[in-house]
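This is a short walk through the side-chain contacts of one protein model. Please look at the structure before reading on.

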Amino acid sequence: MEKEVSAADGRYLAAVFAVGAVHDRPAETGDLAAALDVSPGTVTERLRDLGSRGLLDYERYHGAELTDEGEQVARELAWRRCLAENFLDGELDVADGDVDGFGRALAEDADAALGERVDHPCSGECQAPESRF
């Protein structure tokens with residue numbers, strides 16, 4: 001990943017990515033609060049922080065949209081999560097594993113090697129980086 005983000009930051013970026021894609025508009029604070037099960041004030045605070053770091057554009061009453069850099073990070077996280085989920089559930093039969101933690105813990109060469117070996121039915125719907133398919 002180009003820019004390192006915390007697990008919490010990753011949750012917010014992934015939510016902005018998913019909510020924006022589902023609704024085909026900027027992700028609104030209320031939608032994100034519901035998706036993340038947090039208060040709208042918590043969402044606003046995190047969006048301002050991510051905006052100050054160049055990962056998204058946030059405008060009060062308008063919503064949040066990922067910048068190119070933020071979208072790249074969100075796509076990478078989505079791909080790693082999908083890879084971890086397929087490996088843990090499909091290969092190890094561990095349905096309740098920490099897919100986000102596992103995916104984030106993989107080094108880049110490890111996730112590439114795992115991607116070569118796992119029956120990874122990803123269709124690209126998560127918009128992960130093209131080089132990953």
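A residue is called buried under 20% relative accessible area, exposed over 50%, and partly exposed in between (1.4 Å probe, protein chains only). By that scale Phe102 is partly exposed, with a relative accessible area of 28%, while Phe87 counts as buried at 19%.

The model is predicted, so local features need pLDDT of at least 70 and side-chain atom pairs count only at pLDDT 80 or more, whereas totals for chains, interfaces and linings use all residues. Residues are numbered from 1 along each chain as its sequence is written, and side-chain values use heavy atoms, with hydrogens and water left out.

A search of the whole structure finds 1 aromatic pair. Phe87 and Phe102 form this pair, which is stacked, with 5.8 Å centre to centre and 20° between the planes. Rings of Phe, Tyr and Trp (its six-membered ring) pair if their centres lie within 6.5 Å; planes under 30 degrees apart count as stacked, over 60 as edge-to-face and the rest as tilted.

Charged side chains come next. A salt bridge is a side-chain nitrogen of Lys or Arg within 4 Å of a carboxyl oxygen of Asp or Glu, and the count comes to 9. One of them joins Asp111 to Arg80, with the closest N and O atoms 3.0 Å apart. Both Asp111 and Arg80 are buried.

In another, Arg25 pairs with Asp31 at 2.8 Å between the closest N and O atoms. Here Arg25 is partly exposed at 29% relative accessibility, and Asp31 is partly exposed at 24%. Finally, Asp9, Arg46, Asp49 and Arg53 are linked in a network of salt bridges.
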